[in-house]
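Hi,

Here is the structure I promised to pass on. Have a look at it first, and then read my notes below.

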Amino acid sequence: MATATLVLTRIRVGNGLWTVLRIVLVLAALALVAYPLIFGGDVWAQRISRGAIYAIIGLSINTLTGHAGQISLGHQAFVGIGAFAAAFMASRLGAPLGFGLGAAALVGAITAAIVGMVALRVSGLYLALVTLAFGMTAETTIFNWREFTGGGAGASAPRPAIVESDFSYALLCLGVLALVLYADWRMVATKTGRALAAVRNNEQIAATLGVNVTGYKLAAFCFSGLAAGLAGGLFAHWNQVVQALDFEFQVALVWVLMTVVGGLRSRLGVIIASAFFALLPLTLPNFLASLPWQPPFLNEAVYHVLPPFIVVVLLLIVLRFFPGGLGQLLAPLTRRTAHKNGDRG
């Protein structure tokens with residue numbers, strides 16, 4: 001009896017400590033975002049907005065690749081179509097921001113559904129080739145459709161007065177990120193998440209268990225495209241001008257790499273890695289230029305070459321030492337909240 005009481009006491013104490021630790025981590029994360037947002041001026045407000053947009057893109061790729069096991073190398077198509085849709089709604093139709101973002105999310109979901117229906121019967125390398133082909137085709141066709149995108153001049157995406165300042169727009173981006181994060185968590189924590197895990201592990205076995213493999217794969221494509229299109233709409237108003245050059249294959253590759261570095265199925269890891277990848281090219285050159293001593297091999301040209309080099313180095317380190325990405329390092333902190341279906345927080 002005494003032993004059982006001691007065990008229960010330790011469990012309660014352990015759970016209490018983990019609860020306190022989670023609260024401390026949440027408060028630290030909020031402080032880490034709030035301090036530069038409040039005291040960093042417009043520059044850091046713009047950077048935080050970009051980091052939140054990249055995090056939404058990372059979560060959209062994580063839904064498709066991490067949860068459902070479907071590879072996408074053409075995500076720039078979903079993000080770009082969402083961005084041009086939001087710009088079209090704002091500049092051509094004068095629609096409110098909510099309608100523009102809604103249109104961006106809807107167009108992204110519809111486009112992803114079309115690609116998903118085409119790619120339903122292929123997997124692995126063939127699926128990657130299908131998405132890659134669609135993304136590169138979108139670059140040369142849809143993104144250069146003058147009536148929709150403005151052609152080479154791009155499309156204007158002015159911000160409405162309510163989020164005209166960089167500070168208010170950063171709050172909007174963070175709010176949308178919170179909504180996407182919540183939707184992702186709810187999806188994984190329900191029957192849908194368990195079905196997606198079964199599809200990811202083995203489609204044949206999942207089908208024998210009564211899982212609608214086709215339906216759940218298509219649902220993963222739709223949710224991923226919806227989040228990507230929404231991120232594209234936010235990006236359009238963040239930059240206020242949208243061009244086809246913003247959505248080249250190199251950008252899509254960076255988005256895939258940041259998701260892998262963050263750790264597939266690890267929301268926290270993906271968000272951190274996505275924000276890091278978004279801020280690296282904006283902050284590294286200025287940081288290196290401000291150093292009191294400049295190594296002889298560093299100059300302004302090298303400053304802008306280093307970010308992609310660092311990305312490649314991080315990928316190699318992850319593949320060699322941490323196959324689970326940043327999420328593997330964060331596992332001790334997130335394991336208590338991980339869902340039993342294999343989600344790593």
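Let me start with a loop: Gln240 sits in the one between helix 10 and strand 2 (241-242). Helices here are DSSP runs of H or I with at least four residues, strands are runs of E with at least two, and both are numbered from the N terminus. Gln240 is not a glycine, yet its phi is positive, at about 65 degrees. With a relative accessible area of 34%, Gln240 is partly exposed; buried means under 20% relative accessible area, exposed over 50%, and partly exposed in between, using a 1.4 Å probe and protein chains only.

Before going further, a word on what you have: this is a predicted model, in which local features need pLDDT of at least 70 and side-chain atom pairs count only at pLDDT 80 or more, while totals for chains, interfaces and linings use all residues. Residues are numbered from 1 along each chain as its sequence is written, and side-chain values use heavy atoms, with hydrogens and water left out.

Arg265 is another non-glycine residue with a positive phi, near 75 degrees. Its place is the loop between helix 11 and helix 12.

Next, the second largest pocket. Its volume is about 570 Å³, taken as the space filled by probe spheres set on grid points that are joined across faces, edges and corners. A pocket here is an open set of points on a 1 Å grid over the protein atoms alone, where a 1.4 Å probe fits and there is protein on both sides within 12 Å along at least five of seven lines; lining residues have an atom within 4 Å of a point. Of the 25 lining residues, Arg50, Tyr54, Val251, Val254 and Pro281 are the closest to the centre of this pocket. Which helix gives the most to the lining of the second largest pocket? That is helix 11, with six residues. Helices that each supply at least two residues include helix 2 (41-67), helix 10 (213-239) and helix 12 (267-289). The lining splits into 19 nonpolar, three polar and three charged residues, where Ala, Val, Leu, Ile, Met, Phe, Trp, Tyr, Cys and Pro count as nonpolar, Asp, Glu, Lys and Arg as charged, and the others, Gly among them, as polar.

The UniProt record (an unreviewed entry) marks several stretches as "transmembrane region", including 218-238 and 244-261; such annotations may be inferred rather than shown by experiment. In the model, residues 218-238 are 100% helix and 0% strand, with the end C-alpha atoms 30 Å apart. Residues 244-261 are 72% helix and 0% strand, and there the end C-alpha atoms are 26 Å apart.

Gly325 and Gly263 are 62 residues apart in sequence, but their C-alpha atoms are 4.0 Å apart in space. Gly325 belongs to helix 15 (residues 325-334) and is buried, at 2% relative accessibility. Ala275, in helix 12, has its C-alpha 6.0 Å from that of Ala55, 220 residues away along the chain. Ala275 is partly exposed, at 23%.

Lastly, the cysteines. Taking a disulfide as a pair of cysteine sulfur atoms within 2.5 Å, the count is zero. Cys173 is buried, at 0% relative accessibility, whereas Cys222 is partly exposed, at 26%.

Cheers
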